Each structure stands twice: as C-alpha cells, then as structure tokens.
Amino acid sequence: MNVTITPAKLSGAVTPPPSKSQAHRLLIAAALAHGESVITNMAFPDDIRATLRCLEELGAGFAVDGSTVTVQGMGANAMSPLRRLALPHLDCGESGSTLRFLIPVALAVRGGGVFTGRGRLMERPLKPYFDLFDEKGISYRLQDGVLTVSGLLTPGEYRLPGDVSSQFFTGLLFALPLLNGPSALIPAGPLEGEGYIQMTLQAMGRFGVELPVTLSLPPQYHPQGSQTYRAARAAVEGDWSQAGFWYAAGFLGNPVTAAGLDPYSLQGDRAVADHLLPLGGPGEVDIDVSGCPDLAPPLAAMAALRAGETTRLVNAARLRLKESDRLASVSQTLNALGADVEAGPDCLTIQGREALSGGVTVDSFSDHRIAMMAAIAATRCEKPVTITGAECVAKSYPDFWEEYERLGGKLERGL
C-alpha cells in the first residue's frame with residue numbers, strides 16, 4: 001500500500017499502543033509459568049503475533065478476548081517432558097525480539113528449535129549466541145535462512161559483550177533460572193541496553209522468579225536454578241517507542257499530546273521526553289542513542305527542522321542492523337524530503353532547516369519506523385509526500401494511519 005500525504009497540521013490527544021517490549025516479556029514469562037495467567041491491555045501487531053505463535057508451538061496455550069489474553073502456561077522446569085518432543089518449528093516473522101528471546105528458551109524447554117523469519121530477520125546478528133554455543137557444545141546451523149539449534153543448555157557462567165543488543169541478555173535471563181543449577185550472566189564491558197534488561201527482570205519478578213543482581217558496574221546477574229515461573233495477572237503499559245513519533249509531531253509544531261504513558265517506566269525510549277529540552281534550544285546537540293536506538297527516526301525528524309542548528313545522533317552503529325539499515329534509510333528518506341542529513345559509520349549528522357520541500361515519493365524500506373518518521377516529517381513539507389510500502393507499520397503500530405487521520409492528517413491510500 002502507498003499513502004500520499006497532503007501536508008496538514010495534526011492536533012489532539014493520542015494514546016500510543018501498548019508497549020511491544022513489555023508485551024513480549026510478559027507473554028514469555030506467562031507461557032513458561034505453571035497455571036493460568038491473564039494479561040490485559042494487549043495489542044497484536046505482527047511482532048506480538050509472532051511471539052504468540054512461537055510460544056504456542058513451544059507448548060503454551062492462549063485465548064484472546066479483545067485486548068485480554070489468557071495464557072495457559074507450559075509449566076517449564078529443568079525436567080520438563082516437553083524435551084522429549086521433536087524440535088519445534090518457530091516462525092518469528094520479522095521480529096528480532098522473538099528470535100533472540102526464544103533461542104535460549106527453546107533450548108531450555110525443548111532442547112532447541114528450528115527458527116525461520118522474513119525480511120532481513122535471519123541476516124541480523126546472532127554471533128553472541130553462536131560464540132556461547134561453541135563454548136558450551138550446543139549445535140547450530142544457519143543455512144538458507146533457517147536456523148537449527150539443538151543441545152543441552154547447562155548451568156554455569158555465560159559471558160556476553162556489554163555492547164550487544166540487550167535481547168541476547170533477555171533470552172538467557174528467561175532461560176537460565178529453569179536449569180537444574182545456578183548460573184551467572186556476566187557482561188564484558190558497559191551495558192548499552194540496561195533499561196531493557198531491567199524490564200526483563202521486572203517481568204520475571206512479576207511471575208515469581210528471583211534473580212540476584214550485583215551492584216557492580218556493569219551489573220552481573222546470578223539466576224538460581226530449578227526455579228518455577230508462577231501464574232500472575234499483569235497489564236501492559238503504553239509504548240514509549242511509538243510515543244516518540246507523536247512527541248516528534250508536537251516538536252514540529254503540531255499540537256499533539258501523547259496520553260496513557262507511565263512517566264516512571266523502565267522503557268529506555270522514555271528518554272524521548274528528556275531530549276525535547278536540548279533539541280528545543282540553540283546550539284549543537286549530541287544525543288547518544290545506544291540505549292534507545294528505536295528513537296533515532298523520530299529524533300532525526302525533529303533535528304531536521306532545528307533551523308540553523310546541528311544535531312548528531314551518536315553511538316548508532318546498531319541501527320544498520322534493524323529492519324532496514326536505518327542510518328542509510330533515515331538519511332535517504334529525510335534528504336529526499338529536503339533535509340540535510342549525513343550518515344556516518346555509527347552516527348547521523350543533521351543540519352536543521354526551516355522547512356522541507358516534499359513533492360516526492362519516498363520508500364519505507366519495508367521498515368515501520370521509517371514510514372512513521374516520513375509521515376510525521378510530511379507535516380512540515382511544502383508539497384505532498386507519497387510513502388511506498390506503508391502497510392509495514394503493522395509490524396508495531398497497526399492503527400497508525402487511522403490515528404494520523406483522526407488527528408487531522410490528510411492522506412490517500414493507493415496500491
């Protein structure tokens with residue numbers, strides 16, 4: 001689907017969808033638990049559907065009633081009879097979270113799995129796991145977009161570089177307490193995504209799993225073995241990652257407010273609120289996005305219209321490994337609209353302008369965050385903007401275009 005946006009001011013209050021990051025974690029903890037759990041305020045973008053699909057294949061059950069999911073847990077433990085079943089086939093769609101979270105979980109619960117995906121998913125880095133598997137004697141093969149992993153995940157010491165995606169830490173944190181002995185998960189170097197790891201620990205604690213954490217820098221994690229996830233009730237909070245686009249809309253002169261967000265959330269993307277003040281003032285601004293890489297597209301849209309000012313988004317190398325190479329796709333898209341953005345190896349340098357020209361067709365790169373960034377930037381363009389592949393927003397925000405129109409956005413849909 002293509003959408004053509006005629007520039008118009010957006011106005012009103014919008015409630016971002018439930019947090020995708022938190023929903024993944026609550027669903028996994030509930031699926032591993034003994035008994036029946038209830039999770040409310042759920043939404044079902046493609047990535048969450050992928051996690052539900054894979055958890056069902058692993059042995060959990062789900063019943064959906066509106067925005068409420070009742071989860072029949074698989075009762076995972078060190079002696080789970082599920083281990084005797086054939087390796088599950090897990091279609092992760094385009095969800096990096098689903099893939100990286102569930103590789104260790106599948107090893108702990110079923111002795112491995114066969115993982116597939118779409119788009120760039122199976123090209124995204126898995127080396128931190130592969131290095132551990134080489135050390136632990138776990139078999140893996142990635143061939144023609146299919147990853148097969150099998151073996152025994154054993155208690156012990158696991159070391160990961162601190163600058164890898166927090167998704168690797170989360171996958172191991174979910175799995176290690178299920179093993180039949182204590183383990184240690186030790187970051188080698190400062191953590192880039194500690195906020196997301198804290199979200200994981202919060203979800204695990206809600207479902208009855210304790211995990212001692214040292215007070216060192218970086219912290220170390222020491223899960224005891226033979227633990228049991230226990231059924232619980234939980235509600236998913238609003239998504240700060242998606243709220244970032246509405247914050248960007250407000251920054252660009254659209255009187256839009258984002259409602260239903262927890263100001264004390266552990267979500268790393270809550271930082272978008274902190275970045276408004278420096279971006280709104282004069283002078284050069286550097287923003288470290290290593291702990292909030294998903295904010296780079298809306299932050300870049302804001303920076304593109306800081307007339308006469310320079311903004312740098314730094315420590316952003318991981319953006320090259322998302323649904324698109326976001327250093328390239330952000331710069332190409334905004335430049336096509338009339339911005340001045342230069343992509344470096346691990347940064348974006350943006351020279352702000354008064355307005356954007358528009359009058360072009362831009363590619364979404366099949367990347368939900370690029371499509372939403374372009375839509376928000378289009379509100380400050382002088383001529384209409386067409387975005388191709390606009391259906392990709394379904395990955396995280398299926399109602400985005402409807403919300404955009406409700407707020408006064410003028411768009412036409414086409415093939």
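**Helix packing in a predicted model**

Let me begin with helix H7, residues 240–251, and helix H11, residues 368–377, which pack at an angle of about 15° with their axes 9 Å apart; the axes are lines fitted to C-alpha atoms, for helices over the stretch in contact, and angles run from 0 to 180 degrees between N-to-C directions. That angle makes H7 roughly parallel to H11, a term that covers angles under 35 degrees.

This is a predicted model, in which local features need pLDDT of at least 70 and side-chain atom pairs count only at pLDDT 80 or more, while totals for chains, interfaces and linings use all residues. Residues are numbered from 1 along each chain as its sequence is written, and side-chain values use heavy atoms, with hydrogens and water left out. Helices are DSSP runs of H or I with at least four residues, and strands are runs of E with at least two, numbered from the N terminus.

Which residues of H7 meet H11? On the H7 side they are Ser241, Gln242, Phe245, Trp246, Ala248 and Ala249, and they meet Arg369, Met372, Met373 and Ile376 in H11, where contact means heavy atoms within 4.5 Å.

Next comes helix H9, residues 296–304, where 9 of the 9 residues are buried, so this helix is largely enclosed by the rest of the structure; buried means under 20% relative accessible area, with a 1.4 Å probe and protein chains only.

Finally, in helix H4, residues 127–136, the residues Pro128, Tyr129, Phe130, Leu132 and Phe133 are buried, and the buried residues of H4 pack against elements including helix H3 (96–110) and helix H5 (166–175). Just after H4, Gly137 takes a positive phi of about 75°.

Note on methods:
Parallel < 35°, antiparallel > 145°, perpendicular 65-115°, else oblique. Buried < 20%, exposed > 50% of the residue type's maximum accessible area, 1.4 Å probe, protein only.
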